[in-house]
Amino acid sequence: MLALITVPRAVRSGSTPWEPTLPKRSPEPASNRLIDCLPELQRQEFLSECRPAELQFGQPLGLPGDPIKKVYFPLTAFISRVTPIDRHPPLEVGLIGNEGMLGETLWLGQDRHPTQVLVQGSGTALEMSTAQFLRQLKANPSLAPIVSRYLFVLIEHLAQNAACHAFHELRERLVRWLLMTHDRAPGDHLELTHQFLSDMLGVRRSAVTIAASDLQYRGLIRYARGHIQILSRAGLEEITCECYAASVQAYERQFSDAPVPLCGHAGNSTDSRPAAV
Ligand SMILES: [Zn+2]
C-alpha cells in the first residue's frame, strides 16, 4: 500500500511553510535516491560498477579515522553515524538510508571516516570500492553535484541534531528518532531494545523506558522484547519536535527535483508518512 504525504504538527503550526508535493511511489524495486538522481545513461554506467551487499544489524563499517575502503548506497538497509565520547556509549549523530550514502567525504578529498559507522537496520545496499567511486567522480559529471548537495544536507542535519539534543525533551527526541528510523525501515516493525535506544539517544535506559511506556500508553507504539511496532505514525508526528520536519525539508530543498520520487517504505500502519530524511 502506498503512503500519503502528511503534514507534521510542528510544521502546520510553525512559520515554515510545508509543501506536501512529494508524489507517492511504490517501495519496489528498492533503489537509492542519490543514484536515481543521475541521468539514465550515467546511472546505468554507475550501477554497472556497483555490487550488491547484505548488511547485518550491528555490523561495524568504520571507526573515526579509519580509511574508507568501500562506499555504500543503502537500499533497504540503514546505517548509523555515531560519535564516541569519553567512556559514554556512542551517541548517534545521523542515519543513512536509501536517501543517502556512506563515503561522501571522498568528494572532499578526505579518505577517512569522520565518525563511527555501523549497521542499524539489516538489509541490502550497493557497494563499490573507494577507487571505483573516485574514478566515477571523475568520469561521471553528474555525480559530484549530487554528492555536494548531500553533504550540504548533512551539515544542516548535524546542526539541527545539536540544537535538538540541547533544547528538546527526551520524548520528542525519541519520537523523532522513531520516525526517522521508520522512514528507512521496510515496515512498521523495528528491532530496537531500550538499551540500544538509550545508547543512540545518549540517555539512561530507565529514561527511555519511561518515555517509550508513555508512547505505548497513548497507543502510538507497541513494545515487547526488543521490538517496537509503529501503531500510529500520524500520532507520533503530532508530538515530535519541529526538528523532524525541518530535516525532511532540508533534504527536499536539495533533492525535490530528482527524477525519481523518494522515500518512505509503505508499511502496514494505517497512517501515512512523509519522505525520509
Ligand atoms: Zn528536536
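**Strands, helices and packing**

Modeller: Let's start with a strand pair. Strand β4 (residues 78-85) and β5 pair in the antiparallel sense over six bridges. Keep in mind that this is a predicted model.

Colleague: Which residue stands opposite Ser80 in β5?

Modeller: Leu95 stands opposite Ser80.

Colleague: And the hairpin of β4 and β5, how many residues sit between the strands?

Modeller: Two residues lie between the strands of that hairpin. Asp86 has a positive phi there, near 50°.

Colleague: Glu99, buried or exposed?

Modeller: Buried, because 24 other C-beta atoms lie within 10 Å of Glu99, and the cut-off for buried is 20 or more.

Colleague: How far is Glu99 from Tyr251 in space?

Modeller: The C-alpha to C-alpha distance is 8.9 Å, though Glu99 and Tyr251 are 152 residues apart in sequence. Tyr251 is part of α10, and is among the buried residues there.

Colleague: Then tell me about α10. How many of its residues are buried?

Modeller: Eleven of the 14, so α10 is mostly covered. Among the buried ones are Glu242, Cys243, Tyr244, Ala245 and Phe255.

Colleague: What span should helix α10 have, and what do the end C-alpha atoms give?

Modeller: Helix α10 covers residues 242-255. At 1.5 Å a residue, its 14 residues should span 20 Å, and the end C-alpha atoms are 20 Å apart, so the two agree.

Colleague: At what angle do α5 and α10 pack?

Modeller: About 170°, with the axes 9 Å apart. The angle is over 145, the cut-off for antiparallel, so α5 and α10 are roughly antiparallel to each other.

Colleague: Which residues make that contact?

Modeller: From α5, the contact uses Arg149, Phe152, Val153, Glu156, His157, Gln160 and Cys164. From α10, it uses Cys243, Ala246, Ser247, Ala250, Tyr251, Gln254 and Phe255. By class, the contact of α5 with α10 has eight nonpolar, four polar and two charged residues.

Colleague: Which residues of α5 are buried?

Modeller: Leu143, Ile146, Tyr150, Val153, Leu154, His157 and Cys164. The buried residues of α5 pack against α2 (33-36), β5, α4, α6 and α10.

Colleague: You mentioned α6. How does helix α6 cross helix α8?

Modeller: Helix α6 (residues 170-184) and helix α8 (residues 205-217) have axes that come within 10 Å and cross at roughly 70°. That falls in the 65 to 115 range, so α6 is roughly perpendicular to α8.

Colleague: Which residues meet there?

Modeller: Leu170, Arg171 and Leu174 in α6 meet Ala207, Val208, Ala211, Ala212 and Asp214 in α8. The contact of α6 with α8 has six nonpolar, no polar and two charged residues.

Colleague: Switching to sheets. What is the strand order in the one with β7?

Modeller: It runs β1-β7-β3, an open sheet of three strands with antiparallel pairing. The edge strands are β1 (51-55) and β3 (70-74), and each pairs on one side only. From one strand to the next, the twist averages 40°.

Colleague: How many bridges between β3 and β7?

Modeller: Five bridges, with β3 and strand β7 (residues 123-129) antiparallel. Lys70 stands opposite Ser129 in β7.

Colleague: Which helix packs on that sheet?

Modeller: Helix α4 (residues 130-139), which touches β3 and β7. The direction of α4 makes about 75° with that of β7.

Colleague: And the sheet with β10, what order there?

Modeller: The order is β8-β10-β9, three strands in an open antiparallel sheet. Its edge strands are β8 (189-191) and β9 (221-224). Here the twist averages 20° from one strand to the next.

Colleague: How many bridges join β9 to strand β10?

Modeller: Four, and β9 and strand β10 (residues 227-230) run antiparallel. Ile221 has Ile230 in β10 as its bridge partner.

Colleague: Last one: how many helices and strands in the protein chain?

Modeller: Ten helices and ten strands. Buried residues make up 40% of the 277 residues in the protein chain.

Definitions and conventions
Residues are numbered from 1 along each chain as its sequence is written. This is a predicted model: local features need pLDDT of at least 70, side-chain atom pairs count only at pLDDT 80 or more; totals for chains, interfaces and linings use all residues. The expected span of a helix is 1.5 Å times one less than its number of residues. A residue is buried if 20 or more other C-beta atoms lie within 10 Å of its own, exposed if 12 or fewer, and partly exposed in between; C-beta atoms are placed from the backbone. Two strands pair if DSSP finds at least two bridges between them. Axes are lines fitted to C-alpha atoms, for helices over the stretch in contact, and angles run from 0 to 180 degrees between N-to-C directions. Two residues are in contact if their C-beta atoms, placed from the backbone, lie within 7 Å. Angles under 35 degrees count as roughly parallel, over 145 as roughly antiparallel, 65 to 115 as roughly perpendicular and the rest as oblique. Ala, Val, Leu, Ile, Met, Phe, Trp, Tyr, Cys and Pro count as nonpolar, Asp, Glu, Lys and Arg as charged, and the others, Gly among them, as polar.
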